Amino acid sequence: MTHHTVTFDPDANQALLVDSSMVFHCHYYNCAIHKSIENSLSTQAAELFHQSAFAATQPQLSAIIDSTDSPLTRLSKGLTLFKQLGFGSFDTQGLNASGGTVTSVSSHYALGWLAQYGLRETPVCQFVEGYLQALVSVTYDLSEQQVSVKETSCLAMGDSECCFVITVQG
């Protein structure tokens, strides 16, 4: 398991991961921001979260994943980073270059939502959707448009796990 170094520049008061700014927040803060944006944007919020996550994480993943690595090593590096940053972990046994399913019983967003607000009617892990889209894109050398990710079950809805269906377009 490769850990990725987050450095701190005291002069700029900034944490960096591969030259990208990092901000660490607890699940309470992240879920409060999430709820505020949902309250403001309603149904548009989910797509904003998903797209923002992809845009923020794809460059970082591209920087830490070597293009000469095997797809398994690329995937492992991305999963390790996700876990290292405190977002949870995944079971990726159902995933390959054609797509598949990824599950989690430890989603930072779902568990944070449950702790702060209780059950909800819709999935809450749009950040995870965007991260997985970026990870699959980088792992299998695909464009953003070739990969779609949709959460179909969520711990925050009372499901036993968060399940993400990943579709890859040829």
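Select helix α1 and colour its buried residues: Asn30, Cys31, His34 and Glu38. Buried means under 20% relative accessible area, exposed means over 50%, and partly exposed lies in between, with a 1.4 Å probe and protein chains only. These four residues cover an arc of only 95 degrees around the axis, which puts them on the same side of α1. The arc is taken from the directions that run from the helix axis to the C-beta atoms.

The model is predicted: local features need pLDDT of at least 70, side-chain atom pairs count only at pLDDT 80 or more, and totals for chains, interfaces and linings use all residues. Residues are numbered from 1 along each chain as its sequence is written, and side-chain values use heavy atoms, with hydrogens and water left out.

**The whole chain**

Zoom out and show the cartoon. The protein chain has five helices and seven strands, and from the N terminus on the order is β-β-β-α-α-α-β-β-α-α-β-β. Helices (H or I, at least four residues) and strands (E, at least two) are DSSP runs, numbered from the N terminus. The chain has 170 residues, of which 46% count as buried. A contact means heavy atoms within 4.5 Å. Among the contacts with a separation of 6 or more, 59% are between residues 24 or more positions apart.

**Back to α1**

Select residues 27–41, the 15 residues of α1. The expected span of a helix is 1.5 Å times one less than its number of residues. For α1 that gives 21 Å, and the end C-alpha atoms are 21 Å apart, which agrees. Now turn to the face away from the buried side, where Asn39 and Ser40 are exposed. What do the buried residues of α1 pack against? They pack against α2 (45–64), α4 (108–117) and α5 (126–139).

**Where α1 meets α2**

Show α1 and α2 together. Two packed helices are described by the angle between their axes and the distance between the axes. Here the axes come within 8 Å and cross at roughly 130 degrees. That makes α1 oblique to α2. Angles under 35 degrees count as roughly parallel, over 145 as roughly antiparallel, 65 to 115 as roughly perpendicular, and the rest as oblique. The axes are lines fitted to C-alpha atoms, for helices over the stretch in contact, and angles run from 0 to 180 degrees between N-to-C directions. Show side chains at the contact: His34, Ile37, Glu38 and Leu41 in α1 meet Ala45, Leu48 and Phe49 in α2.

Next, select Ser42, in the loop between α1 and α2. Its phi is near 55 degrees, a positive value in a residue other than glycine. Ser42 counts as exposed, at 51% relative accessibility.

Move along α2 to Gln58. Is Gln58 buried, exposed or partly exposed? Gln58 is partly exposed, with a relative accessible area of 26%. Leaving out residues up to four places away in sequence, Gln58 touches Ala134 and Val138.

Select α5. Its 14 residues should span 20 Å, and its end C-alpha atoms are 20 Å apart, which agrees. In α5, 14 of the 14 residues are buried, so the helix is largely enclosed by the rest of the structure.

End at Asp141, in the loop between α5 and β6 (147–153). Asp141 has a phi near 55 degrees, a positive value in a residue other than glycine. Asp141 is exposed, with a relative accessible area of 60%.
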